[in-house]
Amino acid sequence: MLTIHTAELLVTGAATEPGPAPGLPGGAVLVEGDRIARVGPYEELAAAYPHARARSWPGVLTPGLLVRGGDELLERTYYPDDPYEITELGTEPISGAEALADLKMTEPRRGNSARRGTQKLLARGVVAVAGRFTSPAVRTAVVRSGLTIVPPAPYEGPASLDPLAGRTAAEEAFHGVLEPGAPARFAVFAVAGPTELLVEGPTSCVATVIGGRLLHRRR
């Protein structure tokens, strides 16, 4: 099925010179299967593909985000199961060797925690994680979530659920470019543009698409 995703501003992530990537007001991407078929003004794509399903989003549509320290976030952090564990453990993620040892972690429990962690990342517009995973259950949870795994950079800084943490521009966290033939992997944020995204943060995410599938939508 063909789907057109459009927003008030489209930022493809493709910059022809140093500086912020240019934006297209009222821009859209045409998705066919798991790939982007075309990019351009919404009116142009809608006229050319009148039978395509249309999804209109508020804010800015950008490439999805890359989060650093994925192994720290998903393999060495525990996310309590809401509502079953929050009375005992609280709602905040738990990390640290001693605290995790007290939880008597098993592989299934690691995998279930990682699954909850990936949902938090998808809700922040994340489409890829950098890290090396040694737990089979965690790696399986990450792969099944749709997130792409990439090798970590030589220095990544402290791990954070916020993929924009430590960035000087939102574009630094973009993973990939929105262009014909590229994977249909992007996010939409309820902000005016990348500059505002850096200020408001990734919790402004309203939709995350990976492989052409809508994996997160703000309710």
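Q: In this predicted model, what makes the contact of Arg-110 with Glu-107 a salt bridge?
A: The closest N and O atoms of Arg-110 and Glu-107 are 3.8 Å apart, and a salt bridge needs a side-chain nitrogen of Lys or Arg within 4 Å of a carboxyl oxygen of Asp or Glu, so the pair qualifies. Both residues lie in helix α5, three residues apart, which is about one turn of the helix.

Q: Why is Arg-110 called partly exposed?
A: Buried means under 20% relative accessible area and exposed means over 50%; Arg-110 has 26% relative accessibility, and therefore counts as partly exposed. Glu-107, with a relative accessible area of 33%, is partly exposed for the reason that its value also falls in between.

Q: Which residues do salt bridges that share partners join into one network?
A: The network consists of Asp-71, Glu-72, Glu-75 and Arg-76. Within it, the side chains of Asp-71 and Arg-76 meet at 3.8 Å, N to O, while Glu-75 forms a salt bridge with Arg-76 whose closest N and O atoms are 4.0 Å apart.

Q: Is Asp-71 buried or exposed, and how do you know?
A: Asp-71 has 15% relative accessibility, which is under the 20% limit, so Asp-71 counts as buried. Glu-75, at 8%, counts as buried because its value is under that limit as well, whereas Arg-76, at 35%, counts as partly exposed.

Terms used:
Residues are numbered from 1 along each chain as its sequence is written. This is a predicted model: local features need pLDDT of at least 70, side-chain atom pairs count only at pLDDT 80 or more; totals for chains, interfaces and linings use all residues. Side-chain values use heavy atoms; hydrogens and water are left out. Buried means under 20% relative accessible area, exposed over 50%, partly exposed in between (1.4 Å probe, protein chains only). Helices (H or I, at least four residues) and strands (E, at least two) are DSSP runs, numbered from the N terminus.
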